[in-house]
Amino acid sequence: MKQKIQRNTIVFILPTILLLFFFMILPVGESIWSSFHSNGGKGEFVGFANYIALFKDPSFLNIKYFIRGEQPFGALINSLIWALIHLPLSLGLGLLCALVMIKLPKLPALRTSIFLGMVIPGVITGVVTQFLFEKSSGMVSNFFGLIGVTSLHVSWFAHARTALLALIFTSVWVWTGYCMIIFLSALTTIPNSYLEAATLDGASGIQTFWYIKLPFLRSSIRTIVVMSLINELTNFDIIYSSTYGGPGGASNVLGLQMYLESFRYSRFGTGAAIATIMTLLAAVPIYFNVRSTLRK
Amino acid sequence: MKKTVVALTIVALLVAIALPLSAQAQKEDVVTLRMIAPWADKEFEGFKPVIEKFEQENPGIRIEYRTGKPEDVATILSTQFSVNKTPADIIDTAWPWYIVQEAQKGNLLPIDNAVDPADFREGALDQLVVDGKLYGVTGIGGLTIPEFNAELYRENNLTDPRDVHTTEELKALMRRVQRLPGMKAAIGTGGGVGWTNTSVVETWLLAYGGRQMYMDLLEGRIAWNSAAVKAVLRDNLLPWIQEGFFGEPEEVSIVTENMWKKQYGFFVGGTTDSLRFTDPPGAYAVFLMPGQKDIVMWTDYWFIPAYTEHPEEAKKLLAFLATEGQSIQIKGGGRIATYTNVPFENYPPQEQMIMEVVGKNGIVADMDDTIGGKFQTVMWDQLKLLWSNPTEATLDLVLTAMENAANETRAGN
């Protein structure tokens, strides 16, 4: 019986394995293989030359300027900065929105408006936000002008010091809705008896949140962290349609750099090397998430 | 009921089989050529008569037109060419370097006998020759030139920029323009796309560095970060940006619109804008910077992928587009022909005005379109940095980055 089950199992999962192999494993493998071959000529095997050249390229990694605090920092550092700022902001705002929404009576219009960012294509978001951050007519830029912060009353996308931040804040707006929905569904699973018991025992709001709600939200937080990090390290569409990585590479990120190397400069080996690095970076949170899940 | 359903199903199946068969039979009588070019809206209205005339003269050929920007088309072509396919039989591009690059890879069809190079502006087709074979033709183009709304100056009793003779006079005029109510800045700055800043740099190089310096940069005989080039930009462009003559970047269609609405004194744009600004007549105007003797002309280019299924028909269309097609297309306005046999009378009044301003001045090729590759992307990107932080240190950084990119591009890396 055990043998029969194993044979049947293989038969049932074979189509999925084949699909995964031909549409994921094979292309990824080919991309990694390309990264070890030269850009021009007949694509000779060059080992790690593409990777070494990449780490020496200031458009990819510019430590000298990063230490000075002057853009351009390079695509790798910009992507890491993006993750460092974007993740806690979208996570925090999403949680805050969820905690507020769960207290309010059902307001589908409000929830929809917060979630709207996720359903608008990234390219459209990039085009629209150019106007939001413009000096003459932009809501964000003029808000800062109104409160007297003249250094931010500029066209954010036109200045090296603000271009990346404008894109990150745009992305936070997009992802807050996603985080809110995930947290909302987790919060609804908390048994009322737990919350009532906490109230009866005299727990404050913060204590209730920390000792009762947060443990229930752990797996949601893990999911959001993994999905967010993958997005932050691989994003492309918003940057492509708004700043195109400028000015002067100040808002260049890994996804855009990979596109430029492959499709604008026809340097497929270098583009594949960037893709491999992006995959390895994105694999880190996935590994920890899977490990944590398997331990449970 | 059951018999009715069965009968209807049989009829539907027969129709479903018969229709495609009949369409296929029709298709075999007519060759359909797929064309990709960037024109839409008003510009496409100007191009439609060209398609109609060709189809009229060639009843066995039908043209299917699709809009596509050069950067988007280049991305699609790189993947399709790699499997010996093509999305179109004839394609427009603004980049001669792209034609050279793809011809070297064997992706383009040589078109040697399709046109006579002597019928085009001097040297127009030279940059499209690879290993002695011609791989493309020029189409219509436009001039990179400062443009303005003459009514702004008339209404405020200011000197028309066409009557200004020195840089100091122009600066003084722009200072007065800046102080007018409702003005955003003296000079509009295009945001988003990077070519608007390159237009300014090209114009300034021609005005203050001269044709020789421009050509030396174009052909790699002088470095971008050489003392001579740096001096021209440091002494003549940086002060304009530092003094605040240039406004905050706005999306390019908006900045030209605002120039027309008299919110900018002028904008270094392209003569294709004459198509949009026709009312009131005579208000749209262009001028040359003091000391400028040569003008940048950018053109569209046509090429045929080697993987076309209809090479002879495509060559026929290409020859038509390069010759008679230009004569028709320029009637719609907004463009200048590279085909020398186009009668001056075919140009609308706005273009005739432009040609008079241009007069006997020399024409030079567009810098970033000609060198192309990584240099083009870097030049677009780095100049945005210069505008946002106009210091000598930034200028050094920008020029060095551009020189490195130019060297890389020329080396074919």
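This is a predicted model: local features need pLDDT of at least 70, side-chain atom pairs count only at pLDDT 80 or more; totals for chains, interfaces and linings use all residues.

**A helix end and its surroundings**

Tutor: Directly after α9(A) comes G202(A), a residue with a positive phi, near 85 degrees.

Read from the N terminus, the elements of chain A accordingly run α-α-α-α-α-α-α-α-α-α-α-α-α. Chain A has 296 residues, of which 35% count as buried. Along the principal axes, the C-alpha atoms of chain A fill a box of roughly 75 × 75 × 35 Å. Of the contacts in chain A between residues at least 6 apart in sequence, 64% join residues at least 24 apart.

Chain A also touches chain B. This contact takes 22 residues from chain A and 22 residues from chain B. On the side of chain A that touches chain B, helix α12 (residues 254-264) of chain A gives the most, with 3 residues. That side of chain A divides into 8 nonpolar, 11 polar and 3 charged residues.

Helix α3 of chain B comprises the 13 residues 70-82; at 1.5 Å a residue it should span 18 Å, which agrees with the 18 Å between its end C-alpha atoms. In α3(B), the residues P70(B), V73(B) and L77(B) are buried. The cover over the buried residues of α3(B) includes β1 (31-37) and β3 (90-93) of chain B. After α3(B) comes N84(B), and its phi is positive, near 60 degrees.

β1(B) pairs in the parallel sense with strand β2 (residues 61-67) of chain B, over 7 bridges. Within this pairing, L33(B) stands opposite I63(B) in β2(B). From β1(B) the chain passes through helix α2 (residues 41-57) of chain B to β2(B), a β-α-β crossover that is right-handed.

Chain B is divided into domain 1 (31-142 + 299-351) and domain 2 (143-297 + 354-411). The centres of the two domains of chain B, taken over C-alpha atoms, are separated by 28 Å. Where they meet, 19 residues of domain 1 of chain B are in contact with 18 residues of domain 2 of chain B. Four elements of chain B, namely α2, α4 (96-104), β6 (137-149) and α14 (349-358), each supply at least two residues of the side of domain 1 that touches domain 2. α4(B) gives the most to that side of domain 1 of chain B, with 3 residues. By class, the side of domain 1 of chain B that touches domain 2 has 7 nonpolar, 7 polar and 5 charged residues.

A single residue may close the account. Q178(B) is placed in helix α6 (residues 167-178) of chain B. Because Q178(B) has 18 C-beta neighbours inside 10 Å, this residue counts as partly exposed. Beyond its neighbours within four places in sequence, Q178(B) is in contact with M183(B), A185(B) and A186(B). Between Q178(B) and G270(B) there are 92 residues in sequence and 22 Å in space, C-alpha to C-alpha.

Note on methods. Residues are numbered from 1 along each chain as its sequence is written. Chains are lettered from A and ligands numbered from 1 in the order in which they are written. Two residues are in contact if their C-beta atoms, placed from the backbone, lie within 7 Å. Ala, Val, Leu, Ile, Met, Phe, Trp, Tyr, Cys and Pro count as nonpolar, Asp, Glu, Lys and Arg as charged, and the others, Gly among them, as polar. A residue is buried if 20 or more other C-beta atoms lie within 10 Å of its own, exposed if 12 or fewer, and partly exposed in between; C-beta atoms are placed from the backbone. The expected span of a helix is 1.5 Å times one less than its number of residues. Two strands pair if DSSP finds at least two bridges between them. A crossover is right-handed if, with the strands pointing away from the viewer, the path from the first strand over the helix to the second runs clockwise. Domain bounds come from an automatic or database domain assignment.
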